[in-house]
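Here's a walk through one model, helices to begin with and strands after that. Have the viewer open while you read.

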Amino acid sequence: MTTQADLGIDVDVRDAAAVAERRDELVAAVRDHAGRIAYQLARLQGGDYGRETLSTPGGEWTVKHEAGELEFLLFSPNSGSDTYVISTKQPPEPAALATALDDYAAFVAAWNDHVDSLSGVLDGVSAEFPEPATTEGVVAERDRVLDQIRDTCAVIAGEIHRYEGDDYGTFTTRVEGDRWELKYDEGAVSYLRIGGSGGLYLLSQYGAPSAADVREYADRFRGFVAAYNEFVEELESDLERVSV
């Protein structure tokens with residue numbers, strides 16, 4: 001078996017365990033201390049995720065939290081490489097950690113200054129606000145008009161369904177250049193749409209249109225009903241020409 005003496009090597013290999021152990025102790029202490037800053041940052045920002053970057057004479061520190069828990073603490077010195085003092089990956093190199101910790105107290109002081117700068121910022125801000133106006137009257141008027149339109153369309157849908165004999169169908173016409181489409185499902189109104197597939201749904205199974213849209217199209221709805229009546233009159237005329 002080849003030995004160190006055979007290779008001409010007579011140098012002891014130093015044990016790095018003590019250095020690594022001290023490094024881990026320092027990282028744990030910083031994690032605990034900076035974790036308090038991360039928690040306070042989460043309270044200040046009010047979100048589940050956030051970060052803050054603070055400047056010191058030695059560089060910049062970035063603290064990031066997730067749900068109030070410290071995710072990482074990054075030191076970016078004025079010269080040299082960045083050091084993740086705390087991260088979810090590997091611990092920092094001892095020399096880089098030593099450089100960062102020389103500036104750590106300045107980071108804490110910068111955090112305290114940041115908080116102090118916000119102290120009193122809300123002093124004198126009144127929490128008394130004007131009473132918001134209710135939309136109850138507008139909504140009631142909108143629903144009143146829509147209910148009348150829906151009732152009329154229900155009659156049209158029922159008549160078209162009875163005439164066509166299909167469970168599903170549409171009645172389509174043009175009013176003042178706009179395409180109006182009433183779709184029925186087994187005689188019940190599915191929707192009333194103006195303007196094609198990307199148009200406005202005056203009636204639908206989802207939300208109601210705005211009061212402004214109802215106002216714009218309510219008068220035009222009379223033209224839609226008139227077009228339906230003309231459609232029925234033409235059908236009656238066709239039937240009159242049938243002889244048995």
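Let's start at the end of a helix: Gly165 follows H3 and has a positive phi, near 80°. Before going on, some ground rules: this is a predicted model, where local features need pLDDT of at least 70, side-chain atom pairs count only at pLDDT 80 or more, and totals for chains, interfaces and linings use all residues. Residues are numbered from 1 along each chain as its sequence is written, and side-chain values use heavy atoms, leaving out hydrogens and water. Helices (H or I, at least four residues) and strands (E, at least two) are DSSP runs, numbered from the N terminus.

**Helices**

H3 covers residues 136-164, and its 29 residues reach 40 Å from the first C-alpha to the last, close to the 42 Å expected at 1.5 Å a residue. That expected span is 1.5 Å times one less than the number of residues. Val145, Leu146, Ile149, Cys153, Ile156, Ala157 and Ile160 are the buried residues of H3, where buried means under 20% relative accessible area, exposed over 50% and partly exposed in between, with a 1.4 Å probe and protein chains only.

H1 gives a like picture: its 29 residues should span 42 Å at 1.5 Å a residue, and the end C-alpha atoms sit 40 Å apart, which agrees. Just after H1, Gly46 takes a positive phi of about 75°. Buried residues in H1 include Val27, Val30, Ala34, Gly35 and Leu41. The cover over the buried residues of H1 includes E1 (49-56), E2 (59-66), E3, E4 and H2.

How do H1 and H2 cross? The axes of H1 (residues 17-45) and H2 (residues 94-118) come within 12 Å and cross at roughly 20°. That makes H1 roughly parallel to H2; angles under 35 degrees count as roughly parallel, over 145 as roughly antiparallel, 65 to 115 as roughly perpendicular and the rest as oblique. Axes are lines fitted to C-alpha atoms, for helices over the stretch in contact, and angles run from 0 to 180 degrees between N-to-C directions. The crossing of H1 and H2 is left-handed, that is, the near helix is turned anticlockwise from the far one by less than a right angle; clockwise would be right-handed.

Leaving aside neighbours within four places in sequence, Arg23 is in contact with Pro91, Pro92, Pro94 and Leu97.

**Strands**

E5, E6, E7 and E8 make an open sheet of four strands in that order, with antiparallel pairing. E5 (168-175) and E8 are the edge strands, each pairing on one side only. From one strand to the next the twist averages 25°. Strands pair here if DSSP finds at least two bridges between them.

Some antiparallel pairs, with a facing residue pair for each:

| Pair | Bridges | Facing residues |
|---|---|---|
| E5 and E6 (residues 178-185) | eight | Thr172 and Glu181 |
| E7 (residues 188-194) and E8 (residues 200-203) | three | Arg193 and Tyr201 |
| E3 (residues 69-77) and E4 (residues 83-86) | three | Leu73 and Ile86 |

E7 and E8 form a hairpin with five residues between them, and Gly195 in the turn has a positive phi of about 100°. E3 and E4 form a hairpin too, with five residues between them and a positive phi of about 105° at Gly80 in the turn.

How values were computed:
Contact means heavy atoms within 4.5 Å.
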